[in-house]
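Trainee: Can we go through the aromatic side chains in this one? I'd like to start with burial.
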Amino acid sequence: MPAIGLGTFGSDHVSNETVAEAVKSAIDIGYRHIDCASVYGNEAEIGAALRDVMDSGKVDRKELWITSKLWNDKHVEEDVVASCKQTLADLQLDYLDLYLVHWPFPNFHAKGCDVSSRSPDARPYIHENFMRTWRQMEKLVELGLARSIGTSNMTQAKLELVLRDAAIKPAVNEMELHPHFQQPELFDYVVSQGIQPVGFCPIGSPARPERDKTSEDTVDTEDPVLCEIAEKHGIHPATLCVKWAEQRGQIPIPFSTNPRNMRANLESLTTPKLSDSEMEALSKIDKNCRLIKGQVFLWKDGQTWEDLWDLDGKIAQ
Ligand SMILES: NC(=O)c1ccc[n+]([C@@H]2O[C@H](COP(=O)([O-])OP(=O)(O)OC[C@H]3O[C@@H](n4cnc5c(N)ncnc54)[C@H](OP(=O)(O)O)[C@@H]3O)[C@@H](O)[C@H]2O)c1
């Protein structure tokens, strides 16, 4: 799996066409790993961009690593394979390198319901329901539609049960990881199980709209320790976040539409290493500041905040 990927969540301030152009620029610059998801609503545009670069002979399918994700309203057993096939059609690909369950929400929504609203069909997290979805994810590997499968936004308690019962263990857990949210325990657990951590929002998602933020959220790139170390290395604090991530052993997937920033992020992987004392100083700026809290997915009578992040320590089997 390439050591850095390009994120493709344009939120609502970057058009699908701009994200597709960013994918083309990234591949020109040397990126070979693109992190997609059906819910980003831009897989058709990204698919056209991928087709263009492959048709131009710049890159071959085998050189690319394409990830996509199953959205929350497609956990019903018969929807999993169909949803992956739709993503493949949109991306104009025969297979994905990695397909993730985007969030642990085995809610069995009514077909077509809006997953961001409070749905009466929502159910609390139940491990066996997740496994019903996971067995369909395993089927994607058997069918050759996905080369590997993984999870995203999983906690240790949920992963322990999945590892106990899965025929194919998750290759990856994609999780929020940046200097102000380092998740040291989950990170160590995932690595100890041979699961590759992929870190989303590696720069602390500075452009995320205000409505997604709460008052405790902090901007990583304004951190004085980060700024001081970045200045010493002659790089932007954002680029230092990417360098720190890679050196720690997680795969960062920074989003950018600016070729200069994309290049700086990619090049940071080959510049001299951060010293042990710099890594130590960066480990101390963790503020346990989760940016992507999942609050838009919480339902009154269904899944709760505690349920999502296992705050009460209990998971229904
Ligand atoms: N699995 C999940 O549940 C999940 C959740 C959230 C996100 N993700 C994935 O993770 C990706 C990254 O997260 P994100 O997009 O929220 O945030 P992010 O990558 O932390 O931050 C992106 C922002 O950083 C800026 N940036 C990038 N490189 C820079 C540099 N070298 N110097 C200065 N600014 C720089 C970009 O601006 P410019 O465009 O100007 O460079 C952009 O505004 C997403 O796109 C998505 O693919 C997954």
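Mentor: First the cut-off: buried means under 20% relative accessible area. Keep in mind that this is a predicted model.

Trainee: OK, is Trp 103 buried or exposed?
Mentor: Trp 103 has 4% relative accessibility, so it counts as buried.

Trainee: And how many aromatic pairs are there?
Mentor: The count is 3 aromatic pairs.

Trainee: Where do Trp 103 and Trp 309 lie?
Mentor: Trp 103 is in the loop between β4 (98-101) and α4 (127-142), and Trp 309 is in helix α11 (residues 305-309). The pair therefore ties together parts that are 206 residues apart in sequence.

Trainee: Is Trp 309 buried or exposed?
Mentor: Buried, because its relative accessibility is 9%.

Trainee: What about Phe 130 and Trp 134?
Mentor: Phe 130 and Trp 134 form a stacked pair, 6.3 Å centre to centre, with 15 degrees between the planes. Both residues lie in helix α4, 4 residues apart, which is about one turn of the helix. Phe 130 is buried at 1% relative accessibility, and Trp 134 is buried at 0%.

Trainee: Switching to charges. Which ring does the charged end of Arg 147 sit over?
Mentor: The ring of Tyr 95, at 3.8 Å from its centre.

Trainee: And which residue's face does Arg 248 lie over?
Mentor: That of Phe 187, with Arg 248 at 4.0 Å from the ring centre.

Technical notes: Residues numbered from 1 in each chain as written. Predicted model: local features only at pLDDT ≥ 70, side-chain atom pairs only at ≥ 80, totals over all residues. Heavy atoms only, no water. Phe/Tyr/Trp six-rings, centres within 6.5 Å; stacked < 30°, edge-to-face > 60°. Helix = DSSP H or I, 4+ residues; strand = E, 2+ residues; numbered from the N terminus. Buried < 20%, exposed > 50% of the residue type's maximum accessible area, 1.4 Å probe, protein only. Lys NZ or Arg CZ within 6 Å of the ring centre and 35° of its normal.
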